[in-house]
Amino acid sequence: MSNGPASPLAEAIARGQVTDVEVAWPDHSGHVLGKRIPADRFAGRAAGAGFSFCGAALAWNTAGDVEPGVGSYGADAGFPDLFAIPDPATARPLPWRPGAWQVLADVADQHRHRAAASPRAVLRGVIGRLDDLGYTARVGVELECFVLRPDGSFIQDGVHAYSLEKSNELDPLLSAIAQLEAYVPVEGILTEYGPGQVEVNLAHADALAAADDAFRLRYAIKELARRHGLLATFMAKPFTGLSGSSSHVHVSLWQQDKPLFAPAGGSESPLARQAVGGLLSHLPAVTLFGSPTVNSYKRLVPDAFAPITATWGGDNRTAAIRSLVKTPESSRIELRTGSADANPYWLVAAILAAIVSGLESGAEPAGRGDGDLSGRAEPLPATLADALAAARQDKVLADILGPDAVHDFALLAESEWREYNRQVTSWETERYLRRA
């Protein structure tokens, strides 16, 4: 892939306005990997083989430990080179480093074939499956995080959701986030249900662009916080007894400019019902991709604005799937189970894969739930081990996502569970040391 003459990045390089280019891609945990390339060396390599890196990057877990048995790029294959191939449409100037740009990349093998198990490729594959059915998805992501002192202690006290006074206390950081439009389309910022907890809403976009935006937003918030002497964490449940941080995903389907979730008789369209039916039937397996760490499941507890059962309803935040029947263009469904620590490419891909299954099977959900739905219906996986089992049993979802990719993701998640079970925690010693 090359930058054509009209590429803003190519033009900026030609004018001598670029010092270096960050070529970035995600690992399975959603970390922002990449290289800084001097501007005068970028164009030739971007148009040629791309930028090589060790295949171990797709075989390590969240701590960077390489897991045996992962894919075609691990130890069994000798950790071969993979290549980051820039996607020119994603080139953006970095707001916090004047002269620097960033471009997101697809991961390819030595033959320039897309590495099917890489997160961006997984999402591209599901988008292609949806396109084969004649539909495109519009997606909007809401992300929550805690802003803390560098030592992890609170910078605020009390719970003041939607408080502009508490927002002001987090300046100049929140103002810097609000000014990211040239890098990522921030639609709104608010304080959430924990001290120093913030939610950022992104504008709706096509599915791949929406995942790119969520990926970039986490990077931007963490870096801006660091530059303001603070720590931003997307850990799902950093504090016992306080609110966890989520990743809510809004989805609607379209044919060109026609909104296919437009209300029918004041209720969901038939296509929207099929999407809900598919998502409900695969929700236990989808949970793994939206809650990929041991800590994710500490967030999924009763009475915490985090759904724990497979339910759907209207404008009802106790449901796992919230169906918003509004104007034709704004009608959509929202999955509320995802945690802030999810890789956005995997989460969006899993949601769309479940929807594809619903469209292909003509799935019909039971009637909408009303009232408090938190204790109704089948419970969702309560631990990472439960979610792993559900994902491995769901062959339909794996077929749409790609069996090899799901195998890799599950193996890496399993390594997290195994390592967690080896640890003796302070809670255990305080509870059992003198009682046992």
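Keep in mind that this is a predicted model.

**Exercise 1.** Find which strands each supply at least two residues of the lining of the second largest pocket, and which gives the largest share.

*Solution.* Start with the strands: β7 (136–148), β8 (186–191), β9 (197–202), β12 (247–255), β15 and β16 each supply at least two lining residues. Next, look for the largest share: β7 provides it, with four residues. Now go to the centre of this pocket, where E142, Y162, E192, E199 and R317 lie nearest among its 31 lining residues. The space inside comes to about 560 Å³.

**Exercise 2.** Describe the lining of the largest pocket.

*Solution.* First, the volume: this pocket holds about 790 Å³ of space. Second, the lining has 34 residues, and S29, H31, T62, R218 and K222 lie nearest the centre. Third, the elements: β2 (32–38), α6 (207–227), β11 (231–233) and α12 (403–422) each give at least two residues, and α6 gives the most, six. Last, the classes are 15 nonpolar, 10 polar and nine charged.

**Exercise 3.** How many cavities of 30 Å³ or more does the whole structure have?

*Solution.* The search finds one. About 40 Å³ of space lies in the largest cavity. Its lining includes F261, E268 and R332, while β15 (321–324) and β16 (332–335) each supply at least two residues. Sorted by class, the lining has six nonpolar, four polar and two charged residues.

Technical notes. Residues are numbered from 1 along each chain as its sequence is written. This is a predicted model: local features need pLDDT of at least 70, side-chain atom pairs count only at pLDDT 80 or more; totals for chains, interfaces and linings use all residues. Side-chain values use heavy atoms; hydrogens and water are left out. On a 1 Å grid over the protein atoms alone, a cavity is a set of points where a 1.4 Å probe fits but cannot get out, and a pocket is an open set with protein on both sides within 12 Å along at least five of seven lines; lining residues have an atom within 4 Å of a point. Grid points are joined across faces, edges and corners, and a volume is the space filled by probe spheres set on the points. Ala, Val, Leu, Ile, Met, Phe, Trp, Tyr, Cys and Pro count as nonpolar, Asp, Glu, Lys and Arg as charged, and the others, Gly among them, as polar.
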